[in-house]
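Welcome! Here is a short tour of the structure shown below, taken one topic at a time.

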Amino acid sequence: MAFGLLKYGFRKRYPAKPQFTPSGTTLKKRYDVVIIGAGAHGAGIAHELAKSHGIRNVALLDKGYLGGGNTARNTAVLRSNYLTEEGVAFYRQSLKLFQGLSNELNYNIMLENRGQLTLAHSDAAIRSFRWRAEVNQHLGVRSELVDRQTIRELVPQLNLSEDVRYPILAGLWHADAATARHDAIVWGYARSACEQGVELHQRTAVQAVEVTNGAVHAVKTNRGRIACGCVVQAVAGSSSIVAKMAGIRLPIHSYPLQAMVTQPYKPLLKPHVSSPHLHVYTHQTSRGEFVIGGGSDPYPRYGSRATLEQKEALSSAILQLLPFLAQAKVLRQWAGTTDMTPDYSPIMGLSPVRNYHLDAGWGTWGFKATPICAKTMAELVATGKPPELIQPFALERFYRFEQINEAGATAAGH
Amino acid sequence: MKLLNCPLNGPRNIAEFTYGGELRPMPDPAATDAQQWAEHLFFPDNGAGIVTEWWCHTATAYWFLAQRNTLTDEVIRTFPPSEVFKQGRKLAGKDGGEKS
């Protein structure tokens with residue numbers, strides 16, 4: 001054992017087998033598919049292309065590093081209690097796939113089925129929860145309206161006092177909700193994709209997209225030009241900027257969304273708890289930290305700088321729900337750029353440019369969609385036709401005035 | 001606390017203001033089809049860099065324009081809309097006085 005360790009320590013080369021394409025690997029002149037953005041979605045699409053469709057000549061590009069964007073910045077909430085039929089059907093499928101993802105990738109994504117409690121502080125909220133619960137149950141998703149007594153049993157730590165500005169009146173209990181380790185998902189997907197021949201190229205920024213006769217045929221990067229048969233863009237907050245390179249305009253505003261985590265505590269809060277009215281949501285991570293997120297910033301901005309005002313707003317809101325956090329220290333705080341669409345639903349599918357596919361407009365709900373988005377987008381790339389499940393989310397819905405309104409189903413009332 | 005310099009009220013806490021969207025020329029209602037309206041309503045420029053946008057000082061309901069860098073969040077300058085809109089909009093005719 002001691003000798004083994006000594007041998008390990010004195011090795012010139014890192015002894016473990018690299019999980020991803022080694023950095024410094026030269027770019028090929030041509031790939032069948034170029035995926036812009038190596039987050040969970042991009043890596044997931046690469047994995048599905050290789051595994052389900054045998055498309056392995058794929059380059060997965062990122063201007064930063066693997067999973068360093070919104071994959072690292074989201075608050076890891078998995079749920080399917082949406083409001084529209086299209087939305088519920090899509091996210092329901094996603095949650096199913098999450099259940100089997102650790103086995104599929106042979107990578108522990110640390111999935112925990114926690115449930116989610118959304119709180120109502122007004123009669124209007126109760127009405128909308130009743131509506132959501134009906135829609136969800138009709139489509140086979142476990143959602144139900146619960147009273148204060150049930151809330152007390154589900155989350156004994158919640159401040160159910162009636163002596164506060166916005167007392168808790170009722171809740172929407174969503175038993176299907178879960179959480180998972182966000183980094184593990186992108187690492188697992190990328191490892192699987194790389195094992196099957198996909199090349200991951202980090203610190204490779206796309207600077208231009210070449211479009212001739214309405215079809216994409218190459219991208220220019222800081223490391224040279226790559227010819228390609230097809231491009232998928234999966235770049236979250238930078239969606240408008242990248243799409244503009246291909247001459248495509250998107251119905252997106254980029255807003256920062258801020259979050260923070262406290263010091264770790266012993267396990268004491270099992271479900272996700274969110275309050276759209278107070279613009280705050282939280283859950284306790286498996287290592288004990290309370291991760292606290294809220295509404296988007298009040299005006300659009302690129303970049304991930306956090307502000308004191310938002311942190312104050314988050315803190316005052318969470319203290320109304322969980323007063324014992326008053327003594328907690330904030331360990332880390334950050335922001336991610338969310339790509340908000342007017343109807344709070346994503347944009348997936350074909351674009352005005354041939355062979356250029358969009359995976360954008362994910363706003364604050366991209367993480368929970370990862371496995372189903374990867375599957376359906378890969379099918380789109382392989383067959384050229386958007387699968388039925390994502391057809392309603394096409395970009396051109398905005399030209400047909402057929403938006404999918406999910407504004408009422410966000411966790412924090414953005 | 002971030003300050004925004006209101007052309008009417010001077011520097012105030014940015015929390016007193018409401019963001020009002022990008023400054024974009026309004027299409028001529030007489031010559032605009034559904035597709036163009038969709039573009040106008042739903043497809044912002046969402047520019048990364050210096051943009052011109054509407055802001056409102058909520059307390060006094062005063063609308064003005066600001067040039068802001070959306071990458072650094074620096075406000076370059078704020079100015080009254082009269083700099084851009086030299087005369088009031090004529091509602092009916094084709095020769096409304098809009099100049100942006």
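Strand 5 of chain B, residues 62-69, pairs with strand 6 of chain B in the antiparallel sense, over 5 bridges. Please keep in mind that this is a predicted model.

- The open sheet of chain B has 4 strands in the order 3-4-5-6, with antiparallel pairing.
- Strand 3 (17-22) and strand 6 (74-79) of chain B each have a single partner strand and stand at the edges, so one side of each has no neighbour in the sheet.
- On average, neighbouring strands of this sheet are turned by 35° against each other, direction ignored.

**Where the chains meet**
- On the chain B side, 12 residues are in contact with 19 residues of chain A.
- Helix 1 of chain B (residues 34-42) gives the largest share of that side, with 3 residues.
- By type, the residues of chain B that touch chain A are 8 nonpolar, 3 polar and 1 charged.

**Chain A as a whole**
- Chain A holds 11 helices and 18 strands.
- Its radius of gyration is 22 Å, close to the 22 Å given by the globule rule for 414 residues, so chain A is as compact as a globular protein of that length.
- The C-alpha trace of chain A spans about 70 × 65 × 40 Å along its principal axes.
- Of the 414 residues in chain A, 52% are buried.
- Among chain A contacts between residues at least 6 apart in sequence, 76% join residues at least 24 apart.

Terms used
Residues numbered from 1 in each chain as written. Chains lettered and ligands numbered in written order. Predicted model: local features only at pLDDT ≥ 70, side-chain atom pairs only at ≥ 80, totals over all residues. Pairing = 2+ DSSP bridges. Helix = DSSP H or I, 4+ residues; strand = E, 2+ residues; numbered from the N terminus. Axes fitted to C-alpha atoms, helices over the stretch in contact; angles between N-to-C directions. Contact = placed C-beta atoms within 7 Å. Nonpolar A, V, L, I, M, F, W, Y, C, P; charged D, E, K, R; others polar. Rg over C-alpha atoms; globule rule 2.2 N^0.38 Å. Buried ≥ 20, exposed ≤ 12 C-beta atoms within 10 Å, placed from the backbone.
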